[in-house]
Amino acid sequence: MSESIKAAEPRRLYQQIADQIRALIQNGQFPVGARLPAERELAQHLGVSRPSLREALIALEIDGSVEIRMGSGIYVTSEPDRRQWQTGSMGESPLELMQARAAVEGAVILLAAARITPEALKSLRQILDQMRAEIAEGRKPLDLDRLFHLTIASQSGNSVLAHIVGDLFDERHSPLSAQIRVRFETPETWSFALAEHEAIHAALEARNPLLAQAMMHAHLEESKQRWMNNEAR
């Protein structure tokens with residue numbers, strides 16, 4: 001009788017880095033209560049990039065191994081359970097997601113800019129106005145952000161690409177991405193994002209595909225930089 005063989009899920013880089021930190025905690029280099037080295041120093045020690053290290057630290061915070069105290073540092077809160085030695089998957093790498101979104105949405109907006117309708121432009125304006133109102137009230141307009149990007153994708157004329165844009169955006173609800181939002185999204189960062197959306201809308205109104213693509217790439221790059229460069233210590 002044949003048996004199906006399930007391929008092992010590849011371990012994401014942040015999981016591998018989190019496991020390295022777990023090993024350092026387990027062998028006593030960072031005992032419970034200890035403050036971890038600064039991100040730059042720890043990244044150099046492990047031979048990894050700071051963005052990937054940050055994802056690993058967020059993953060360890062989610063499972064309770066460390067506590068991130070803004071303005072103070074990152075502290076070990078518990079010793080890893082030997083029965084749960086490896087860090088489980090908490091979603092795709094937010095860094096890789098932003099890279100994927102830049103590639104996909106950069107192509108999508110080129111198509112959309114050439115065929116976008118007046119009705120779609122009006123819808124985008126209404127979405128931006130609602131986003132501004134939400135931000136002014138201190139709320140995070142994540143659903144409106146999603147609607148803005150999907151409205152553009154719907155104008156591409158390619159339903160497969162529009163579906164991919166939605167799937168990539170919805171990964172923001174994974175445990176890892178959601179915790180990063182909690183840590184690093186503020187009314188100020190949303191105001192920056194709104195201004196970037198306005199620039200995208202203006203390029204679409206001008207029916208300038210290359211400018212629209214440049215503004216989309218700039219928006220996604222700035223979004224990535226906002227959480228990558230915001231120190232947790």
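Trainee: How are H3 and H8 oriented to each other?

Mentor: In this predicted model, the axes of helix H3 (residues 50–62) and helix H8 (residues 175–184) come within 10 Å and cross at roughly 100 degrees. Angles of 65 to 115 degrees count as roughly perpendicular. H3 and H8 are therefore roughly perpendicular to each other.

Trainee: How many residues of the contact of H3 with H8 are nonpolar, polar and charged?

Mentor: On the H3 side the contact is made by Arg-54, Glu-55, Ile-58, Ala-59, Glu-61 and Ile-62, and on the H8 side by Pro-175, Leu-176, Gln-179, Ile-180, Arg-183 and Phe-184. Sorted by class, the contact of H3 with H8 has seven nonpolar, one polar and four charged residues.

Trainee: How are H4 and H10 oriented to each other?

Mentor: The axes of helix H4 (residues 94–115) and helix H10 (residues 209–228) come within 8 Å, and they cross at roughly 165 degrees. An angle over 145 degrees counts as roughly antiparallel. H4 and H10 are therefore roughly antiparallel to each other.

Trainee: How many residues of the contact of H4 with H10 are nonpolar, polar and charged?

Mentor: H4 passes H10 in a right-handed crossing. Among the residues that make the contact are Leu-95, Met-98, Arg-101 and Leu-110 of H4, together with Leu-210, Met-216, His-217 and Trp-227 of H10. The residues of the contact of H4 with H10 divide into 15 nonpolar, four polar and three charged.

Trainee: In which hand does H4 pass H7?

Mentor: The axes of H4 and helix H7 (residues 159–170) come within 10 Å and cross at roughly 150 degrees. That angle makes H4 roughly antiparallel to H7. As for the hand, H4 passes H7 in a crossing that is left-handed.

Trainee: Is Gln-155 buried or exposed?

Mentor: Gln-155 lies in the loop between helix H6 (142–154) and H7. Not counting residues up to four places away in sequence, Gln-155 touches Leu-111, Ala-112, Arg-115, Ile-116, Thr-117 and Ala-120. Since the relative accessible area of Gln-155 is 15%, and under 20% counts as buried, Gln-155 is buried.

Trainee: How far apart in space are Thr-189 and Arg-226, C-alpha to C-alpha?

Mentor: Thr-189 lies in helix H9 (residues 187–205) and is buried, with a relative accessible area of 14%. Leaving aside its neighbours within four places in sequence, Thr-189 is in contact with Phe-184 and Arg-226. Although Thr-189 and Arg-226 are 37 residues apart in sequence, their C-alpha atoms are separated in space by 7.3 Å.

Trainee: Which residues of S1 are on its covered face?

Mentor: In a regular strand the side chains alternate between the two faces of the sheet. In strand S1 (residues 66–69), Glu-67 and Arg-69 make up the uncovered face, and the covered face has Val-66 and Ile-68.

Trainee: Which residue in S2 is the bridge partner of Val-66?

Mentor: S1 and strand S2 (residues 73–76) pair in the antiparallel sense over four bridges. The hairpin of S1 and S2 has three residues between the strands, and there Gly-71 takes a positive phi near 80 degrees. In S2, the bridge partner of Val-66 is Val-76.

Notes:
Residues numbered from 1 in each chain as written. Predicted model: local features only at pLDDT ≥ 70, side-chain atom pairs only at ≥ 80, totals over all residues. Heavy atoms only, no water. Axes fitted to C-alpha atoms, helices over the stretch in contact; angles between N-to-C directions. Helix = DSSP H or I, 4+ residues; strand = E, 2+ residues; numbered from the N terminus. Parallel < 35°, antiparallel > 145°, perpendicular 65-115°, else oblique. Left-handed = near helix turned anticlockwise from the far one by under 90°. Contact = heavy atoms within 4.5 Å. Nonpolar A, V, L, I, M, F, W, Y, C, P; charged D, E, K, R; others polar. Buried < 20%, exposed > 50% of the residue type's maximum accessible area, 1.4 Å probe, protein only. Pairing = 2+ DSSP bridges.
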